[in-house]
Amino acid sequence: MAVEIETTRKSLVFAVNGERFELSSVDPSTTVLEFLRSQTRFKSVKLGCGEGGCGACVVLLSKYDPVLDQVEDFTASSCLTLLCSVNGCSITTSEGLGNSKDGFHPIHQRFTGFHASQCGFCTPGMCVSLFGALVNAEKTNRPEPSPGFSKLTVSEAEKAISGNLCRCTGYRSIADACKSFAADADIEDLGLNSFWRNGDSKEVKINRLPFYNHNKEISTFPEFLKKEIRSSMLLDSKRFSWYNPVSVEELQSLLESIEADNGSLIKLVSGNTGMGYYKELDRYDRYIDIRYIPKLSSIRKDSAGIEIGATVTITKAIEALRKENKCEVHSKGEMVFKKIANHMEKIASGFVRNTASVGGNLVMAQRKHFPSDIATILLAVGSMVDIMNGPRREKIMLEEFLERPPLDSNSVLLNVKIPNWESIKNISCETNTMLLFETYRAAPRPLGNALPYLNAAFLAELSRCEAIYVDDIPSPANCLYGSFIYSTEPLALVKGIKFQPKPYPDGLAAVITYNDIPTGGENIGSKTIFGTEPLFAEELTECAGQRLAFVVADTQKHADMAIKFAVVDYDVENLEPPILSVEEAVKKSSLFEVPSFIYPKQVGDILEGMAEADQKIVSAEIKLGSQYYFYMETQTALAVPDEDNCMVVYSSSQVPEWTHIVIARCLGIPHHNVRVITRRVGGGFGGKSVKAMPVATACALAAHKLRRPVRIYLDRKTDMIMAGGRHPMKITYSVGFKSNGKITALQLEILIDAGLSADISPVMPHNVLGALKKYDWGALSFDIKVCKTNHSSKSAMRAPGEVQGSFIAEAVIEHVASVLSMEVDSVRSINLHTYNSLSLFYEGGADEPFEYTLPSIWDSLAMSSSLCHRTEMVKEFNRNNKWRKRGISRIPIVHEVMLRPTPGKVSILNDGSIVVEVGGIELGQGLWTKVKQMAAFALSSIKCDGAGDLLDKVRVIQSDTLSLIQGGFTAGSTTSESSCEAVRLCCDILVERLRPLRERLQEQMDSIQWEMLIDQAHLQAVNLSASSYFVPDLTSMRYLNYGAAVSEVEVNLLTGETTILQTDIIYDCGQSLNPAVDLGQIEGAFVQGIGFFMLEEYLTNSNGLVVVEGTWTYKIPTLDTIPKQFNVQVLNSGHHKNRVLSSKASGEPPLVLAASVHCATRAAIKEARKQLLSWSSQDGSTTTSTAFQLEVPATMPVVKELCGLESVERYLEWSMGTK
């Protein structure tokens, strides 16, 4: 065809951050993310989920329309967007906004200044999401904003990043950074930052924000690309296997010709977002991009309704539905359209809606029974669809379309017609007819890709915006990529592994099993002080999710695809049934031994305590499930063979030292032949401790065998299956108490599911009891068993054991209050420790009496949160509202932590700059920030000119197990303190070495500059490198942390949706080393706790295999699920002589305070149940017991059921009966 020759381009051309790229060929299944990360230096885009559900991979796509001379800018998930689909487009990543060389963008600067980045992994995606909103806001006709601000509104700023996930910060700081750009932002409402001080005027605050000039924003579409664009830029279909029909007739002809070519697999492409939900195994022969067909990409609106082409994106459909009809306004019909648009805006995230098509959504619902919101709401308004099936065209009702057998490959949905009901039914005031249309959506996240249930000076590091993680390291030459084959059976003999349908999947290089471990090596994948876990199962697999083999291929995509084609031959004959419950484990005495030195001690005489009681609760039960880490960066490693049979391994690990040991033992080589390097970790929460070891070890084993570099980046599904997560538990308790609520005795039986290997599980009894002892129980007796089961090994997760122990304590308190019909807060208050009882329960850890700050925190929180007044307001609200109930709850924490030995090294270079190494790993907890501050502070004691401003001269470098040995674990919330103390010891040594020189120079001159002092020290051969190994004193290595929280929630009785209205926290940080860092830790930990108590279901099947696979089915908190008002006070409790600069831990303890949300929800449900009972009795009395147990997590279905599934029916019956 002549036209095709004229408009077809031989190469794929696009721009990235203003740079031109031209590709003569590419695999059509390649995504934008794959290309950017593997073929360019622009690695800020991250793979977090591969589903379009986390926002880590967001880019800005820009398209130029030469006819209108306009650029369309929209954010998109690069993990779903196919590279061939961006032909002629421009891509902008975080590097395109700014960088350390050319200067950072105000977005980067404000994110940093508002402390909106911790581990930093998600930050680039957040920045691009906000940038996209800023760019599009500037295209509006809104009034000119004040200098330094944009045309963006606060609401738009928050929505811009509502689909971006962060596991570290708690979102409040991120929201503040985004809102600081909004024209309608109240600058006084923005939180802690490094730009201004308390008391500064509004004008000063605005002037100190990094200036944003909205008139000089970055050009998103380069001029050179505009010149290349013709009226059409279609790819050479033969070279790329990518077809671009421009008419329905051409599409029909193309489909017919492909049908004649039997065996060809085709894929119709619009936005490709369906790949995020339905993971594809097929390799397609041809891709047909149907976005260029006018019939499919247009929107037509008339008095009869609106016709939306199948490839129209959800975003454009929303815009069209909201656009007023200029010809003839049909108010009722427009109302229906706008309500449909409002509902659509809650579907997925903006960066998914921008590319996802309406037709694609409906076809997924038709072919694969996708639970589509769009199908539901369009069904309700009687929509029709236009279908092409070969030469036939037919228009049918959407309902009939959805009920038909799945569309075949020759059938195409062309458009959907939404009728204007006002015109059709002649609804008007004259006909006295009303049109009622409402849509409802109840989902675990109000926005985003959640499937609905119902349809002083603070250090700021800009480098975090371009931080390098393990997977960002460029692949060495001849690098291979790995992926794990894991067991799906809990206990079975493994007879063999093969691949189907073809024996050698594309790109396969090797399959590594335990048989490939070299002579002298061990089958070891991880170790703790309690034992080891094998790298691979041998003949017998003992849990679902256990590693069976390591597939190595030429690309990560081929490795991941290969494991999906792996077929494992199992044999379960003559084997005992697997142990899949703690009860079975106890029955079969399948238990791990807990060393006596860490098993907690009983307190008091339980028999005497029970005898003192006026009432007892006997054998009540609680069950607690697991939780997945959901670090944004999944497990990753890179192993590179080195000379002399050595191995260099880059690992995202919280414990490089032990990873080093495991690798050496597995390979059977001396420890000095292994080097493990960890620069930073993209979120850990305990999951990058023991669980990171086998990932690095498998790469090292494959690299050792194949003598080639091997790397891996686990896909989210495999990571979730192998992670293990938090320990599930079954708790049985009996409690005795006085009639005034004072508890006299608590007896516990706790069964902990440790899974297959010991891991760190033997410390769990100590941790559980440590948190549970926060109340004075009178006497405390317990029997705790650590059960070995055929589940994946559980491991440490942020506040391991403490979060469960603290919740058990609150559940007991709630139960006692319920039995006594007392206010729960009163029962809590009467059972708080005195200093004497605290010393009894926490023997050796209670410190001095003045350090016990909990009683004052408890009282201060009641005042600062207006607890008494709000409690009365909650009661008033509940009296006046039938279908919404509120609850409020205050809880305390007493959290014991322990310092660990930690190494440090400080070196001063010739120019006066300072290099610091510590054993602790930067996980996003601000360890490097605190260490830098400590180095600058400690060296400033030399007292020479310029020594008071050393912060910018300090650099903390990566962990290297051959450079700094005995690094230990980065865990338990105290590694920052220990690392700071190790650095302080080093600096003290250096100061002592420098002091004699400074004094000699002082005699010769009045002023001594830091640089001069260091230069002279080098000339006089002063040793300017010092190492230390901080070992905490046995008498002060353990200490207690205190805090309290008040949370208020509102529960929707009809849906079960829980909204957190307000949370107030006071947390004792001692004398904080960095209040901004500690505030971020407190908020982030609390929000992660909300996930455990309210949202996150880490579900398995009957075999124990994890069945949640990513962001679609596992819901962590998002910006729209955190407290609407979030007030945190970092208490400066003064001098603590045994602490590092009087500081205290902040990383884990605040997490357990999130139980306040669960307790408040319970209080709201209790009010709902009282109401339900009053409707059930003729006289309205509520004498029937309202006792119930609220599960963890308290998800929407759980809350809804407890509020009463039949509440509406009960109310109607009651209201009719009272008339």
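1. Is C178 buried or exposed? With a relative accessibility of 0%, C178 counts as buried, where buried means under 20% relative accessible area, exposed over 50% and partly exposed in between (1.4 Å probe, protein chains only).

2. The model is predicted, so local features need pLDDT of at least 70 and side-chain atom pairs count only at pLDDT 80 or more, while totals for chains, interfaces and linings use all residues. Residues are numbered from 1 along each chain as its sequence is written, and side-chain values use heavy atoms, with hydrogens and water left out.

3. The structure holds zero disulfides, a disulfide being a pair of cysteine sulfur atoms within 2.5 Å. The sulfur of C178 has its closest cysteine sulfur in C127, at 8.1 Å, which is too far for a bond. For C49, which is buried at 10% relative accessible area, the closest cysteine sulfur is in C54, 3.7 Å away and likewise too far for a bond.

4. There are 63 salt bridges in the structure, each a side-chain nitrogen of Lys or Arg within 4 Å of a carboxyl oxygen of Asp or Glu. One of them joins R20 and E228 at 2.7 Å, N to O, and this pair links distant parts of the chain, with R20 in strand β3 and E228 in helix α9, 208 residues apart. Helices (H or I, at least four residues) and strands (E, at least two) are DSSP runs, numbered from the N terminus.

5. K179 and D176, both buried, form a salt bridge of 3.9 Å, N to O; they lie three residues apart in helix α7 and are therefore separated by about one helical turn.
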